[in-house]
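Subject: Structure handover

Hello,

Here is the structure I promised to pass on. Please have it open while you read my notes below.

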Amino acid sequence: MLPIQDALPLLKDPARIFITTHHKPDGDAIGSMLGLYHYLKGKGHFVTAVSPSEVPEFLMWMPGANGLINYESDADAAKKALANADLVFCLDFNDLNRTKHLELPLAEATQPRILIDHHLFPKDVWTYGMSIPAKSSTCEMVYDFINLSGDNALIDKNIAACLYVGVMTDTGSFKFPATTASVHRMIADLMERGINHTAIHEDVYDAWSESRMRFLGYVLIERMQVFRKYNSALITLSRKDMNLFNVQNGDTEGLVNYPLSIAGIKFATLITERSDEVKLSFRSKGPFDVSKVARLYFDGGGHFNASGGRAKTSFDETIVYFKKILSDIHPK
Ligand code: 5GP
Ligand code: MN
């Protein structure tokens, strides 16, 4: 992978650009994609941004969210844009399999691929890019990319709002260790573009439905197990649980973090029964590497303190398997 600086000449003249991110996009995925989208459009490029799956409701207020193509509902438009593109940007993932149904079209595309991402262990399938696991978020890296291009002055209120969302959501509202002094300097710069940070926090975090709030109460009482001697906790969500509360796309976002607010709990796992697979999410506090857990046991990966994976076994079998390995892998 060549340094991203080497790709800048490709952006000297108006180009047709395809931007995408990972399946089940989160705040950083959509924020980085839309931030880059507005920036490149402002520079005179022809840009199409494609999400591999539906954008969660809590992000639909974001500037440009309505113009995103959802690959799951409009694959033809997405494929056409990809076929016509001169360049492909891949944001907030580092393995093509994270784009699910888009994996094959992306793998077959012959245009230069540019990576901007902060996950560990990137696959070697990019022409240009930057891969920096120490970065707080892909949004921070899009900000760096805009500055690298000498375009700080082009960051307007829309771009600033999009980038703010990704940094805010990926840092647990500026709490996690990757929230460096330079992240705070960047946030100060974004705030000077006129964003309303209070409104952004409310739009993302305080827009729950009543049933989502009651679902959280139910989950914490009925579906959270605490393993004191392992400094760990596990939440399990079956399809039945989710049907009971009419759980919507995005409603399980953040659930995995709650057990980490219990004193002494350093490792939290969420096991979710999906229609086509069993999904696992891992979070930790301190020196326990959950990306390793995801990689070694659950065909996944991610960051040191936040990772995910999947199992092909049934929901119940996966829970039994997880509890079995927990006795070996738990934080001390
Ligand atoms: P989440 O638990 O929110 O789905 O994911 C947490 C982190 O782990 C995210 O940064 C996400 O990109 C990464 N991650 C989640 N699932 C997978 C997976 O199946 N494979 C890999 N490589 N990373 C994942
Ligand atoms: Mn991210």
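Is His118 buried or exposed? His118 is buried, at 2% relative accessibility. Buried here means under 20% relative accessible area, exposed over 50%, and partly exposed in between, with a 1.4 Å probe and protein chains only.

Some ground rules. The model is predicted, so local features need pLDDT of at least 70 and side-chain atom pairs count only at pLDDT 80 or more, while totals for chains, interfaces and linings use all residues. Residues are numbered from 1 along each chain as its sequence is written, chains are lettered from A and ligands numbered from 1 in the order in which they are written, and side-chain values use heavy atoms, with hydrogens and water left out.

The metal site

His118 belongs to the manganese site. The manganese ion (ligand 2) is coordinated by Asp28 (OD), Asp92 (OD), His118 (NE2) and Asp170 (OD), at 2.1 to 2.4 Å. Donors are N, O and S atoms within 2.8 Å of the metal (3.2 Å for Na, K and Ca); water is not among the atoms, so sites may look incomplete. Along the sequence, the donor spacing is D-x63-D-x25-H-x51-D. Asp92 sits in the loop between strand 5 (87-91) and helix 3 (103-108), and His118 in the loop between strand 6 (113-117) and strand 7 (128-131), so the pair ties together parts that are 26 residues apart in sequence. Helices (H or I, at least four residues) and strands (E, at least two) are DSSP runs, numbered from the N terminus. Asp92 is buried too, with a relative accessible area of 1%.

Strands 6 and 7 pair in the parallel sense over four bridges. Two strands pair if DSSP finds at least two bridges between them. Tyr128 in strand 7 is the bridge partner of Ile114. Tyr128 is also the bridge partner of Leu2. Strand 1 (residues 2-3) pairs with strand 7 in the parallel sense, over two bridges.

Six strands form an open sheet in the order 8-9-10-11-13-12, with mixed pairing. Its edges are strand 8 (224-227) and strand 12 (301-302), each pairing on one side only. Strand 9 (residues 232-237) and strand 10 (residues 267-273) are parallel, over six bridges. There, Leu234 stands opposite Thr269. Strands 10 and 11 run antiparallel, joined by seven bridges. A hairpin of four residues connects strand 10 to strand 11. Strands 11 and 13 are antiparallel as well, with six bridges. In strand 11, six of the seven residues are buried.

Ligand 1

Which residues come nearest to ligand 1? Of the 14 around it, they are Arg98, His119, Ser281, Arg283 and Arg310. A residue is near if one of its heavy atoms lies within 4 Å. The shell holds one nonpolar, nine polar and four charged residues.

Now the polar contacts (pairs of N or O atoms within 3.5 Å). An oxygen atom of ligand 1 lies 2.6 Å from a side-chain N or O atom of Ser281. For the side chain of His303, the distance is 3.1 Å. A polar backbone atom of Gly308 is 3.3 Å from an oxygen atom of ligand 1. The protein covers 82% of the 490 Å² of accessible area that ligand 1 has on its own. Strand 11 (278-284), strand 12 and strand 13 (306-311) each give two or more residues to the shell. Strand 13 gives the most, with five. Ser281 and Gly308 are also bridge partners.

Best wishes

Methods
A polar contact is a pair of N or O atoms within 3.5 Å; within protein, one must be able to donate a hydrogen and the other to accept it, and residues adjacent in sequence count only if both atoms are side-chain atoms. Accessible areas come from the Shrake-Rupley method with a 1.4 Å probe; for residues, only the protein chains shown count as cover. Ala, Val, Leu, Ile, Met, Phe, Trp, Tyr, Cys and Pro count as nonpolar, Asp, Glu, Lys and Arg as charged, and the others, Gly among them, as polar.
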